[in-house]
Amino acid sequence: MKVFVVGASGAIGTRLVPQLITAGHEVIGTFRSPAHAERVRALGAKAVALDMLDARAVREAVLEAEPDAVVHQATSLTDVRFGRNLDKAFVATNRLRREGTDALVAAAREAGVSRFVAQSFASMRYARTGGAVKTEDDPLDRSPLDGMRETAAAMNHLDLAVTDAGGIALRYGLFYGAPNDGLIVPVRNRQFPIVGEGGGMGSFIHLDDAAAATVLALEHAGPAIYNIVDDDPAPTREWLPVLAEALGAKPPRRFPVWLARLFAGDPGVMLGTEARGASNAKAKRELGWTLKYPSWRQGFAQVYGAQRKAVPPARATTTAVGA
Ligand SMILES: NC(=O)c1ccc[n+]([C@@H]2O[C@H](COP(=O)([O-])OP(=O)(O)OC[C@H]3O[C@@H](n4cnc5c(N)ncnc54)[C@H](OP(=O)(O)O)[C@@H]3O)[C@@H](O)[C@H]2O)c1
């Protein structure tokens, strides 16, 4: 297939493009930052500059490319600081998930594209009641907290717009596997504490496994939603010390809820205490997906063990709550 990948220069896009090419696809990959054209070309794709918020440019680029399939991997999270208000950190990404998705879906429709796959997110979205691990059929949080309402609404918009158009939304877990993973700096600097009892569940996914699931999703008819997470959703009190050790950092601090709220706001406290994990059973069953990194328990050590000497400790000024 000829595959048009929006966001080919990003964390997941750069893993996805080579896997698509290996699977026999032809790839047109878009970038936003001018310096990233060469990055996309070096992966073996045709590189196209595109601002997804320019609906006319999106339409022209898709019609000109005449793709069989479109993949939306655009976010705007480079160098974003995660403070008390997630909606502030996600302003640009939320626009990409709303306006950007609408423009791309409309263009894909007009171009007669048969497959549409888009990046969504699993963490912090499912209702904070009942079991600790949620499937795609479980309800989403109907009353998102202050400081993350816009972000939740934008993700819901994307899921709906994509599936209404017959496409597939992939609710990825928290990415890891690259030197710029969002948790590296705050965990190294002990700015990501265990909050309260640390019962908030995390679902992780290695970038290579996320890309592999995306290639498989393109071969699958929609509409559908899949959680693309590893086999091992776990509470913060379990995964955070393992991550700190893999990074060669000191063990995480422990904050009572009231103190964490001061630094990380309600979304940060929710992530650490109430968030639900996600099940990957549907993706494995329906897509025939197998994981190279089935658990962060081995994955963190494999990835960060290799990076440890290469990544110097960096400075950060806020407490992170993830992507
Ligand atoms: N599920 C998760 O945990 C998750 C999800 C997403 C990101 N992250 C993390 O966030 C950090 C940054 O992610 P990232 O490296 O992928 O960078 P990013 O800044 O989020 O960019 C992602 C992709 O979107 C493109 N893009 C940005 N604005 C655009 C626009 N207006 N129109 C079209 N395309 C646009 C970027 O192009 P250019 O690069 O050319 O500007 C890039 O290809 C990484 O640590 C990553 O792991 C985590």
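Predicted model: local features only at pLDDT ≥ 70, side-chain atom pairs only at ≥ 80, totals over all residues.
**Overview.** Start with the charged side chains. The count comes to 15 salt bridges.

**Stop 1: Asp141 and Arg128.** Select both side chains. They meet in a salt bridge, 2.8 Å from N to O. Asp141 sits in the loop between β6 (133–134) and α6 (149–164), while Arg128 belongs to the loop between β5 (115–121) and β6. The two residues are 13 apart, and their pairing links distant parts of the chain.

**Stop 2: Arg171 and Asp159.** Move to strand β7 (residues 168–172), where Arg171 is found, and then to helix α6, which holds Asp159. These residues are 12 apart. Their side chains form a salt bridge, with the closest N and O atoms 2.9 Å apart. Buried or exposed, which is Arg171? Its relative accessibility is 4%, so Arg171 counts as buried. Asp159 is buried as well, with a relative accessible area of 4%.

**Stop 3: Asp232 and Arg297.** Select this pair and check the closest N and O atoms: they are 2.7 Å apart in a salt bridge. Asp232 lies in the loop between β12 (224–228) and β13 (234–235), and Arg297 in helix α12 (residues 296–307), so the bridge ties together parts 65 residues apart in sequence. Compare the two ends. Asp232 has 15% relative accessibility and counts as buried. Arg297 has a relative accessible area of 36% and is partly exposed.

**Stop 4: a network.** Finish by selecting Arg15, Asp208 and Lys292. Salt bridges link these residues in a network.

Technical notes
Residues numbered from 1 in each chain as written. Heavy atoms only, no water. Salt bridge = Lys/Arg side-chain N within 4 Å of Asp/Glu carboxyl O. Helix = DSSP H or I, 4+ residues; strand = E, 2+ residues; numbered from the N terminus. Buried < 20%, exposed > 50% of the residue type's maximum accessible area, 1.4 Å probe, protein only.
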